[in-house]
Amino acid sequence: MTLARRSGKVRLSAPERRSAIVQAAIRLFADKGFRGTTTRELAEAAGVTEPVLYQHFATKQDLYTAIIESVCNMGQEAKDSRLEAAEQSGDDRGFFLRLGELILDWHRRHADIIRLLLYSGLGRHELADLFFERHVAVYYRMLSGYFRERIARGAFRNLDPYLAARGFTGMMAHQALAEVIFGDRRLARVRKKLIRTMVDIFLEGVTEERTRCK
């Protein structure tokens with residue numbers, strides 16, 4: 001029996017300890033901001049000493065990068081079978097209904113991440129730029145590609161794919177932020193109706209007229 005087992009403590013592997021530090025950093029930065037969080041508080045929250053903290057993350061830049069990687073890994077949840085099936089079959093309404101669900105779900109499950117990103121954006125912190133480059137820009141390229149293909153097939157009007165991607169995302173993200181940041185739970189009770197309404201309004205604007213008339 002190891003000393004860790006006799007003492008009742010579980011010895012974490014290096015990757016597990018690194019992950020624990022990242023998650024502690026997300027929670028503290030979301031609650032207190034970057035300037036309001038000390039390395040001592042961060043080490044205590046992660047259950048490590050400050051020297052151990054620096055062993056895993058020698059600089060703040062290393063920690064910021066690890067946070068972004070963690071957020072981007074969470075974003076992989078959007079690649080699910082229902083979304084892919086709707087895309088492959090050309091079911092635009094099904095595609096955007098599912099994407100709307102995923103956007104709202106992601107914001108709801110990761111409220112700490114949202115607060116952290118708001119802190120970084122309002123404070124012009126470098127974490128905001130990292131997040132945009134490694135996560136948001138990738139997402140917009142994916143969604144812009146969907147619009148580009150549907151335009152080429154004559155399903156959507158000839159519009160700017162990037163602006164269309166931002167337009168739909170903005171519609172859904174606004175509803176999510178109202179709930180996560182301001183605690184507005186009124187729309188949560190009619191969530192499915194909300195998504196259907198937003199999708200129908202959006203598709204009415206982007207769908208080619210001759211396609212709508214079929």
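Trainee: How many cavities of 30 Å³ or more does a search of the whole structure find?

Mentor: The search finds 2 cavities of 30 Å³ or more, where a cavity is a set of points, on a 1 Å grid over the protein atoms alone, at which a 1.4 Å probe fits but cannot get out. Keep in mind that this is a predicted model, in which local features need pLDDT of at least 70 and side-chain atom pairs count only at pLDDT 80 or more, while totals for chains, interfaces and linings use all residues. Residues are numbered from 1 along each chain as its sequence is written, and side-chain values use heavy atoms, with hydrogens and water left out.

Trainee: What volume does the largest cavity have?

Mentor: The largest cavity has a volume of about 80 Å³, a volume being the space filled by probe spheres set on grid points that are joined across faces, edges and corners.

Trainee: And which helices supply at least two residues each to its lining?

Mentor: Those are α7 (92-109), α10 and α11, with helices taken as DSSP runs of H or I of at least four residues, numbered from the N terminus. The largest share, 3 residues, comes from α10. Lining residues have an atom within 4 Å of a point, and among them here are Leu 104, Arg 108, Gln 175, Asp 184 and Leu 194.

Trainee: What about the second largest pocket, how much space lies in there?

Mentor: About 270 Å³ lies in the second largest pocket, and a pocket, unlike a cavity, is an open set of points with protein on both sides within 12 Å along at least five of seven lines. Its lining has 16 residues, of which Phe 29, Thr 39, Leu 42, Lys 60 and Leu 63 lie nearest the centre. Helices α3 (39-46), α4 (50-56) and α5 (60-75) each supply at least two lining residues, and α5 gives the most, with 3.

Trainee: Switching to residues: is His 107 buried or exposed?

Mentor: His 107, which is found in helix α7, is buried, with a relative accessible area of 12%; buried means under 20%, exposed over 50% and partly exposed in between, using a 1.4 Å probe and protein chains only.

Trainee: Which residues is it in contact with, leaving aside neighbours within four places in sequence?

Mentor: With contact meaning heavy atoms within 4.5 Å, His 107 is in contact with Ile 114, Ala 173, Ala 176, Leu 177 and Val 180. The C-alpha atoms of His 107 and Ala 173 are separated by 7.9 Å, although the two residues are 66 apart along the chain.

Trainee: And Ser 144, what does that one touch?

Mentor: Not counting residues up to four places away, Ser 144 touches Pro 161, Tyr 162 and Ala 165. Ser 144 lies in helix α9 (residues 126-152) and counts as buried at 4% relative accessibility.

Trainee: How many salt bridges are there?

Mentor: The count comes to 9 salt bridges, each being a side-chain nitrogen of Lys or Arg within 4 Å of a carboxyl oxygen of Asp or Glu. In one of them, Arg 82 pairs with Glu 101, the closest N and O atoms being 3.4 Å apart. Arg 82 lies in helix α6 (residues 81-89) and Glu 101 in helix α7, so the pair ties together parts that are 19 residues apart in sequence.

Trainee: What else does Glu 101 meet in a salt bridge?

Mentor: Its side chain also meets that of Arg 98, at 2.8 Å from N to O, and these two residues are 3 apart in helix α7, so about one helical turn separates them. Salt bridges that share partners join Asp 80, Arg 82, Arg 98 and Glu 101 into one network.

Trainee: Last topic, the surface. Where is Phe 182 found?

Mentor: Phe 182 is found in the loop between α10 (161-180) and α11 (191-206), and counts as exposed because its relative accessibility is 69%. Together with Leu 118, Leu 122 and Ile 181, Phe 182 forms a nonpolar surface patch with about 450 Å² of accessible area. Such patches are made of residues with over 30% relative accessible area and no salt bridge, nonpolar side chains (Val, Leu, Ile, Met, Phe, Trp, Tyr) being joined within 5 Å and like charges within 9 Å.

Methods:
Areas by Shrake-Rupley, 256 points an atom, 1.4 Å probe, with all protein chains shown as cover.
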